[in-house]
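Have the structure open as you read.

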Amino acid sequence: MLFRQRWRDLVFLHWPADPFEVARLLPTGTVPDLSQGRAYVGLVFFRMDDLAFGRTPPLPYLGSFGEVNVRLYSRDAAGRRGVVFRSLDCDRLLPVLTARGAFGLPYRWSRIRSEWFDSRLVYRTTRRRGGSGGARVWLEVEDEEVPAGPLEEFLTRRWGLHERFLGRTYYLPNAHPVWTFRRCSLLGWEDDLVAAAGLSRPRSEPVGVLYSPGLPVRFGTPVPLPPPRTRLG
């Protein structure tokens, strides 16, 4: 185990995406992972807590922060399904610098705020230091658990990420319990982050809205993908 963390109060918004647009944004050695011929882009809001390396105790202060990411869905030649992050906004500067330097992940230092108003949850994010773009989501969350359908399972049961760093694509595996979701209703949303990540701006309501109270996650060591074969002749 390389490191571990806990994700809390996750909100997933998803829209269909053009597979050809997605393909040009994925790292070498991966292709779009499709569900019934469709690609998807996700906008995900959550709180991260209890970040720890190996079996050491969780980091105080620096190990807890808000995150908002724009993600695509990938598959490699070994059949591993993963997530490709086009952007990751975080409200702690040191984790941003560490993740960029150690893994090449596209973290950005941002202002992120989350608040509960009785059963309503609001997330807001704005980028710092001259960055443009931000996002907001507001939803009503009920206590009733709801099962994940086939599309929800396809989008959320991912056991690693793909990234390209220092000229090589790698797969970073993770492990966590099965997701639990609660019934929720989307009350409002705004987004500039999907377009800033190189994708077409969403023009319609998301086709998928999910809320999860969270779960613990463990990450293994990166696995390099073999270089692409060179065709002769």
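## The largest pocket

In this predicted model, the largest pocket holds about 610 Å³ of space. Its lining takes in 35 residues, and Phe3, Gln5, Met48, Tyr107 and Phe219 sit nearest the centre. By class, that lining splits into 25 nonpolar, 7 polar and 3 charged residues.

Of its 13 lining residues, Gly29, Ala77, Pro226, Pro227 and Pro228 lie nearest the centre. Strand 2 (30-32) and strand 4 are the elements that supply two or more residues here. The class count for this lining is 7 nonpolar, 2 polar and 4 charged.

## Strand 6 and its neighbours

Strand 5 (residues 81-90) pairs with strand 6 in the parallel sense over 3 bridges, and Leu88 has Tyr107 as its bridge partner in strand 6. That's the Tyr107 listed among the residues nearest the centre of the largest pocket.

Strand 7 (residues 120-127) runs antiparallel to strand 6, joined by 8 bridges; Trp116 is bridged to Leu121 of strand 7. The hairpin of these two strands has 2 residues between them, and Asp118 takes a positive phi near 55° there.

## Trp109

Trp109 belongs to strand 6 (residues 107-117).

Beyond its sequence neighbours, Trp109 touches Cys90, Asp91, Arg92, Leu93, Val96, Arg127, Arg128 and Arg129, leaving aside residues up to four places away.

Notes
Residues are numbered from 1 along each chain as its sequence is written. This is a predicted model: local features need pLDDT of at least 70, side-chain atom pairs count only at pLDDT 80 or more; totals for chains, interfaces and linings use all residues. Side-chain values use heavy atoms; hydrogens and water are left out. Helices (H or I, at least four residues) and strands (E, at least two) are DSSP runs, numbered from the N terminus. Contact means heavy atoms within 4.5 Å. Two strands pair if DSSP finds at least two bridges between them. On a 1 Å grid over the protein atoms alone, a cavity is a set of points where a 1.4 Å probe fits but cannot get out, and a pocket is an open set with protein on both sides within 12 Å along at least five of seven lines; lining residues have an atom within 4 Å of a point. Grid points are joined across faces, edges and corners, and a volume is the space filled by probe spheres set on the points. Ala, Val, Leu, Ile, Met, Phe, Trp, Tyr, Cys and Pro count as nonpolar, Asp, Glu, Lys and Arg as charged, and the others, Gly among them, as polar.
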